[in-house]
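Trainee: I have a structure to look at and would like to learn how to read its features. Please take me through them one by one.

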Amino acid sequence: EVLLVESGGGMVQPGGSLTLACAASGFTFSTYSMSWVRLAPGKGLEWVSDIDSGGSIETYGDSVKGRFTISRDNAKNTLYLQMNNPKPEDTARYYCVRGDRTTYSTGYYFRGQGTRVTVSS
């Protein structure tokens with residue numbers, strides 16, 4: 001059974017930092033690209049970032065480019081999202097997804113239950 005468990009969410013001030021984690025199990029993590037997507041209040045799901053299976057190729061959505069960093073530790077089966085200089089508009093529930101942006105766009109993918117992030121002063 002594919003299982004993705006996000007953690008690390010909470011409240012953070014604008015300009016602060018927060019790191020999210022996603023623990024993966026039930027599949028060979030090191031052979032899959034992974035993504036982060038988010039659901040903001042009143043909005044649709046938004047793809048945020050993805051990383052290739054080896055962790056060497058990262059891509060980002062325009063709204064987070066230069067502020068967020070995706071990474072992974074294949075030895076620990078864990079995906080990360082470091083959020084630097086978050087803005088109130090980054091407030092959302094963040095989900096990790098098995099697969100890259102292309103996989104996400106098909107609408108057929110595994111995702112976790114998410115972790116909520118609130119950016120507020």
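What follows is a dialogue on the core, the strand pairing and the aromatic rings.

Mentor: Keep in mind that this is a predicted model.

Trainee: Which residues of the largest nonpolar core touch the most other members?

Mentor: The largest nonpolar core has 26 residues, and those that touch the most other members are Leu4, Leu20, Trp36, Leu79, Leu81, Tyr94 and Val117. Two or more residues come from each of strands 3, 4, 5, 7, 8, 9 and 10. Strand 3 gives the largest share, four residues. Another core, of five residues, lies apart from this one; Val37, Trp47, Tyr95 and Tyr104 are among its members.

Trainee: What does leucine 81 touch?

Mentor: Leaving out residues up to four places away in sequence, leucine 81 touches Leu18, Thr19, Leu20, Trp36, Val48, Phe68, Thr69, Ile70 and Tyr94.

Trainee: How should I read side chains along a strand?

Mentor: In a regular strand, side chains alternate between the two faces of the sheet.

Trainee: How is a pair of aromatic rings described?

Mentor: By the distance of the centres and the angle of the planes. A search of the whole structure finds three aromatic pairs. In the pair of phenylalanine 27 and phenylalanine 29, the centres are 6.3 Å apart and the planes are at 55 degrees, so the pair is tilted. Both phenylalanine 27 and phenylalanine 29 are buried. The rings of tyrosine 104 and tyrosine 109 have centres 5.3 Å apart and planes at 45 degrees, so this pair is tilted. Ring pairs also link Phe27, Phe29 and Tyr32 into a cluster.

Trainee: Are tyrosine 104 and tyrosine 109 buried or partly exposed?

Mentor: Tyrosine 104 has a relative accessible area of 15%, so it is buried. Tyrosine 109 is at 23% relative accessibility and therefore counts as partly exposed.

Trainee: Where do arginine 72 and arginine 111 lie?

Mentor: Arginine 72 is over the face of phenylalanine 29, 4.3 Å from the ring centre. Arginine 111 has its charged end over the ring of tyrosine 95, at 4.3 Å from the centre.

How values were computed
Residues are numbered from 1 along each chain as its sequence is written. This is a predicted model: local features need pLDDT of at least 70, side-chain atom pairs count only at pLDDT 80 or more; totals for chains, interfaces and linings use all residues. Side-chain values use heavy atoms; hydrogens and water are left out. A nonpolar core is a set of buried Ala, Val, Leu, Ile, Met, Phe, Trp, Tyr and Cys residues joined through side-chain atoms within 4.5 Å. Buried means under 20% relative accessible area, exposed over 50%, partly exposed in between (1.4 Å probe, protein chains only). Contact means heavy atoms within 4.5 Å. Rings of Phe, Tyr and Trp (its six-membered ring) pair if their centres lie within 6.5 Å; planes under 30 degrees apart count as stacked, over 60 as edge-to-face and the rest as tilted. A charge sits over a ring if NZ of Lys or CZ of Arg is within 6 Å of the ring centre and within 35 degrees of the ring normal.
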